[in-house]
Amino acid sequence: MTDFSDMARGIIESNRYMVLGTANDAGVPWVTPVWYAQSHYRRFIWLSSPDRRHSQNVRARPEVSIVIFDSQVAVGSARAVYMTGQAEELSGADLEHDIAFFDAATRAQGLTRRWAMEDVVPASPYRLYRATASQHWVLDPDSSPDDRAEVTL
């Protein structure tokens with residue numbers, strides 16, 4: 001029996017990019033990879049331009065889906081975490097807290113660029129976003145053809 005919660009935590013911890021699924025106000029979908037910092041396996045923080053399609057979609061429709069997986073594994077051995085949640089562009093105290101968190105996460109990954117408040121407010125080209133996952137699923141490696149098991153993290 002596989003411990004699906006441990007599997008989900010391991011996938012989230014060992015990857016650096018997530019695929020963010022958004023939709024515009026008419027429901028037209030869009031997906032994009034973003035580098036993320038995560039907290040408690042529920043909060044996913046990323047930087048982006050407010051002009052990018054996924055950023056515009058988050059403003060129009062905050063419901064998102066997320067997939068995190070290792071694209072380098074052999075066919076048939078995939079492990080993935082699927083999530084649904086709500087996303088938002090951060091401001092105020094949340095922005096102050098999460099930009100410090102994001103900066104620490106990027107430095108822990110060996111990136112030398114520092115991130116501060118002035119990097120994510122107007123007139124900067126970037127904003128800070130956060131998705132809060134409400135549900136998580138993993139691929140059940142013992143099932144066929146592609147069953148997902150809900151997990152609580």
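Tutor: One begins with the elements: helices and strands are runs assigned by DSSP, numbered from the N terminus. Please note that this is a predicted model. From the N terminus on, the order of its elements is α-β-β-β-β-α-β-β-α-β-β.

Student: How many helices and strands does the chain contain?

Tutor: The chain has three helices and eight strands.

Student: How compact is the chain for its length?

Tutor: The radius of gyration is compared with the value from the globule rule. Here the radius is 16 Å, close to the 15 Å that the rule gives for 153 residues, so the chain is as compact as a globular protein of that length. The C-alpha trace spans about 50 × 40 × 25 Å along its principal axes.

Student: Which share of the contacts in the chain joins residues at least 24 apart?

Tutor: Among contacts between residues at least 6 apart in sequence, 64% join residues at least 24 apart.

Student: What percentage of the residues is buried?

Tutor: A residue is called buried when its relative accessible area is under 20%. By that cut-off, buried residues account for 42% of the 153 residues. The chain exposes about 8,400 Å², of which carbon and sulfur atoms supply 51%.

Student: Which residues of the largest nonpolar core touch the most other members?

Tutor: A nonpolar core consists of buried nonpolar residues joined through side-chain atoms within 4.5 Å. The largest one here has 26 residues, and I12, M18, F44, W46, I66, I68 and V138 touch the most other members. At least two residues of this core come from each of α1, β1, β4, β5, β6, β7 and β8. Helix α1 gives the largest share, five residues.

Student: Which residues belong to the second core?

Tutor: The second core is separate and has 12 residues, including I45, L90, L95 and A105.

Student: What does V138 touch?

Tutor: Leaving aside residues up to four places away in sequence, V138 touches F4, M7, A8, A80, V81, D147, R148, A149 and V151.

Student: Let us turn to F102. Is this residue buried or exposed?

Tutor: F102 has a relative accessible area of 3%, so it is buried. F102 sits in helix α3, which covers residues 92-108. Beyond residues up to four places away in sequence, F102 touches W35, A37, I45, W46, L47, W115 and L128. One of these, I45, is a member of the second core.

Student: And S55, where is this residue found?

Tutor: S55 is found in helix α2, residues 53-60. With a relative accessible area of 1%, S55 is buried. A polar atom of the S55 side chain lies 2.8 Å from the backbone oxygen of S49. S49 is also among the residues that S55 touches, together with S48, P50 and Y129, when residues up to four places away in sequence are not counted.

Student: How many salt bridges does the structure hold?

Tutor: A salt bridge requires a side-chain nitrogen of Lys or Arg within 4 Å of a carboxyl oxygen of Asp or Glu. The structure holds 10 of them. One of these joins D98 and R43, with the closest N and O atoms 2.4 Å apart. D98 lies in helix α3 and R43 in strand β4, so the pair ties together parts that are 55 residues apart in sequence. D98 has 0% relative accessibility and therefore counts as buried.

Student: Which residues are linked with D98 and R43 in a network of salt bridges?

Tutor: The network also includes E88, D94 and R130.

Student: What is the accessibility of the partners R113 and D119?

Tutor: R113 forms a salt bridge with D119, their closest N and O atoms being 3.5 Å apart. R113 counts as partly exposed at 38% relative accessibility, and D119 counts as buried at 16%.

Methods. Residues are numbered from 1 along each chain as its sequence is written. This is a predicted model: local features need pLDDT of at least 70, side-chain atom pairs count only at pLDDT 80 or more; totals for chains, interfaces and linings use all residues. Side-chain values use heavy atoms; hydrogens and water are left out. Helices (H or I, at least four residues) and strands (E, at least two) are DSSP runs, numbered from the N terminus. Buried means under 20% relative accessible area, exposed over 50%, partly exposed in between (1.4 Å probe, protein chains only). A polar contact is a pair of N or O atoms within 3.5 Å; within protein, one must be able to donate a hydrogen and the other to accept it, and residues adjacent in sequence count only if both atoms are side-chain atoms. Contact means heavy atoms within 4.5 Å. The radius of gyration is taken over C-alpha atoms; the globule rule is 2.2 Å times the number of residues to the power 0.38. Accessible areas come from the Shrake-Rupley method with a 1.4 Å probe; for residues, only the protein chains shown count as cover.
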